[in-house]
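Here's a quick briefing to read with the model open in your viewer.

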Amino acid sequence: MIKWLNTPFEDVIQATKNLYGDINCEILIDPELATEEECYGMTQWTEEGRVLITLDGRTSIERLIETLGHELAHVVVDRTEKDDHGQIWEEVFDNIFKEYNRYCERKYSDKNQEKATYKGCRGALEFIADIAYGYDNSKSVKALEKLIDEIRTEAIRALELGEGYKI
């Protein structure tokens, strides 16, 4: 059986999903993309509403990974406003790679170590995030904390109204 031990393209995509949810785009590698010097990737929005990211297949894996994050940042920013390579785009790009590094550190360092133990309330949230997303990420923990607060508020309201819990 042949098995990948690391999946950097999928990891960049997962890091982006962790931060910004699932985005709608298609990605392909084209060995003939670079028509001008230093064109490693591009994002196109078609008239039909498709978003297509094209990466230059003649470049290094490291550059392909960075270019994929670069182009995904364009797709994320375009959902809200046009920013080309401005401050908003730069923040999104930086966030994607911070999350990519954090996600990969957690994902690949666990391969040769004992599974992390979860302690206390925060640990319970991290455990749930690990189940839901495969690996803990701070955004999912914050979302879970908000959800738990909403559940707590509704439970208190129900108890005060004498509704009790219904299963």
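What follows is a short tour by topic, and keep in mind that this is a predicted model.

**Aromatic rings**
- Start with the rings: there are three aromatic pairs in the structure. One of them is F97 with Y100, an edge-to-face pair with 5.5 Å from centre to centre and 70° between the planes.
- Both F97 and Y100 sit in helix α3 (residues 87–109), where they are three residues apart, or about one turn of the helix.
- Another ring to click on is Y40: R63 lies over its face, at 4.1 Å from the ring centre.

- Strands β2 (residues 41–45) and β3 (residues 51–56) run antiparallel, and five bridges join them.

**Helix α1**
- How far apart are the end C-alpha atoms of helix α1 (residues 8–20)? They're 18 Å apart, and 13 residues at 1.5 Å a residue should span 18 Å, so the two values agree.
- The buried residues of α1 are P8, D11, V12, A15, T16, N18 and L19. Looking down the axis of α1, you'd see these buried residues fall within an arc of 160°, so they line one face of the helix.
- Just after α1 comes G21, which takes a positive phi of about 75°.

**R58 and its surroundings**
- R58 belongs to the loop between β3 and α2 (61–78).
- With a relative accessibility of 54%, against a cut-off of over 50%, R58 counts as exposed.
- What does the side chain of R58 reach? It gets to the backbone oxygen of P31, at 2.6 Å.
- R58 and E32 are 26 residues apart along the chain, while their C-alpha atoms are separated by 7.8 Å.

Methods
Residues are numbered from 1 along each chain as its sequence is written. This is a predicted model: local features need pLDDT of at least 70, side-chain atom pairs count only at pLDDT 80 or more; totals for chains, interfaces and linings use all residues. Side-chain values use heavy atoms; hydrogens and water are left out. Rings of Phe, Tyr and Trp (its six-membered ring) pair if their centres lie within 6.5 Å; planes under 30 degrees apart count as stacked, over 60 as edge-to-face and the rest as tilted. Helices (H or I, at least four residues) and strands (E, at least two) are DSSP runs, numbered from the N terminus. A charge sits over a ring if NZ of Lys or CZ of Arg is within 6 Å of the ring centre and within 35 degrees of the ring normal. Two strands pair if DSSP finds at least two bridges between them. The expected span of a helix is 1.5 Å times one less than its number of residues. Buried means under 20% relative accessible area, exposed over 50%, partly exposed in between (1.4 Å probe, protein chains only). The arc is that of the directions from the helix axis to the C-beta atoms. A polar contact is a pair of N or O atoms within 3.5 Å; within protein, one must be able to donate a hydrogen and the other to accept it, and residues adjacent in sequence count only if both atoms are side-chain atoms.
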